[in-house]
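Student: I've got a model open and would like to work through it with you. Can we take it one question at a time?

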Amino acid sequence: MRSYYYLWFSIIAFFLYSCGQDKKEKLAITLIEETKEKLAADKRVAIFDIQFINDSLLGETNLPEAHEALIRSFKANDIEFSDGIDLLPEEKLGAQTMALVTNSVANLRSEAKHSAELSTQALLGTPLNVLKKMGSWYLVQTPDRYISWVDASAIQLLDQDKMNEWTGKPKLMVTEMTSYVYEDINFATLVSDLTAGNVLELLNESDGDYHVRLPDGRSGFVSKTDALPYEIWKNTRNTNEENLVKTAKNMMGVPYLWGGTSTKGVDCSGFTKTIFFLNGMIIPRDASQQIREGEEVDRDKNWDKLEIGDLLFFGVPATDSTSERVVHVGMWIGNRSFIHSRGRVRISSLDPKDENYDEYEYNRYLRSKRIIDSSSENILAVEKILQ
């Protein structure tokens, strides 16, 4: 009889323990999801891969504030746990947690392999935060906070002292859509191709050329017709109507490239991002991010409300059962026209009487936003990352 009672006691105790443990795990999962939703909802710009297993918090994040918030919430709810979360950058990187892009255009991918989807691009001289390493690939974060993988051959790893040293040096900004670095002033032997927005160290200058050095130590000469000393470039940048339209039209015909953000190829949001970057302003990478910025100026196709430089967004409206899908963006250039990348960079009209009338985009128009002079932590002046 005593054995019988002991057996039942054990079963009941186990059942109560299991129920309590199940309740604890459900609460833990809820707290993790709430923290992620509040502080790390966009996986394009935040890593928050956390699980609760055997009373331990496991995983990784690049957001110390999100990690701290999660720990506080666990303690506030009296959940016993051990903290096994890895904070990025990972320790094995040592002090080299920064990098500079060394190719005219570096392709950043969704996974650590060349066959993976092109997520975005970064231009020569762009500073990156390095988060982790896998084989010959590095997980990096760009100045617009986008997180992707880049092959080691496209970057130069640096520690903070070396990065400070680079940012303190005189620099050159490439202004032509396409240019080159040559070994000597005869412009015979090629060192590297260049695209608009590339940044190099400026060593010296003569009547017809600039002597420059790339972040990986290569050096050579660039024609003076193709670039400007950074200080001059910075002081002449302005997101006024003339500059934005000129920059945009200089890219007419550039082919569409999913993930492209350079004059070699652009997707729709990569195009608008590039227009603003070449005029001194860093805006978010994707259309679904860009639409969150600035001031709404129209959603009723009242084109008279729009000003040159406003961004027009297109997609699928929300319904009672589905969320809005933002899938395309272009820039207003006046006269009921906008410029955008679809197939190639082109000008389309929203006037049915115009020869460039774009009925397809007209029918999926969502709304327009004005981001010029917007005060947002997601919009930066280029000088913030180069000085």
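Predicted model: local features only at pLDDT ≥ 70, side-chain atom pairs only at ≥ 80, totals over all residues.

Tutor: Residues are numbered from 1 along each chain as its sequence is written, and side-chain values use heavy atoms, with hydrogens and water left out.

Student: Is Asn 279 buried or exposed?

Tutor: Start with its place: Asn 279 sits in the loop between α6 (268-277) and β20 (281-282); helices (H or I, at least four residues) and strands (E, at least two) are DSSP runs numbered from the N terminus. Contact means heavy atoms within 4.5 Å, and, not counting residues up to four places away in sequence, Asn 279 touches Arg 237, Asn 238, Thr 239, Asn 243, Leu 244 and Thr 247. Buried means under 20% relative accessible area, exposed over 50%, and partly exposed in between (1.4 Å probe, protein chains only). With a relative accessible area of 3%, Asn 279 is buried.

Student: How many of the residues of strand β9 are buried?

Tutor: Check each face of β9 in turn. Ile 147, Trp 149 and Asp 151 are buried on one side, and Ser 148 and Val 150 on the other. The strand (residues 147-151) is therefore largely enclosed by the rest of the structure, the buried count being 5 of the 5.

Student: In β9, which residue is the bridge partner of Tyr 138?

Tutor: Two strands pair if DSSP finds at least two bridges between them. Here 5 bridges join β8 (residues 137-141) to β9, and the two run antiparallel. They form a hairpin with 5 residues between them, and Arg 145 in the turn has a positive phi of about 80°. In β9, the partner of Tyr 138 is Val 150.

Student: Which element gives the most to the lining of the largest cavity?

Tutor: On a 1 Å grid over the protein atoms alone, a cavity is a set of points where a 1.4 Å probe fits but cannot get out, and lining residues have an atom within 4 Å of a point. The largest cavity is lined by 19 residues, with Gln 121, Leu 123, Thr 126, Lys 273 and Phe 277 nearest its centre. Two or more residues come from each of β6 (118-123), α6 and α9 (383-386). Giving the most, with 4 residues, is β6.

Student: And what cis peptide bond is there, and in which loop is Pro 89 found?

Tutor: The cis bond joins Leu 88 and Pro 89, with omega about 10°. Pro 89 is found in the loop between β3 (82-87) and β4 (98-101).

Student: Is Asn 335 buried or exposed?

Tutor: First the backbone: phi of Asn 335 is near 55°, a positive value in a residue other than glycine. Asn 335 is found in the loop between β23 (325-334) and β24 (337-342). At 69% relative accessibility, Asn 335 counts as exposed.

Terms used. 1 Å grid on protein atoms, 1.4 Å probe; cavity = no way out; pocket = protein on both sides within 12 Å on 5 of 7 lines; lining within 4 Å.
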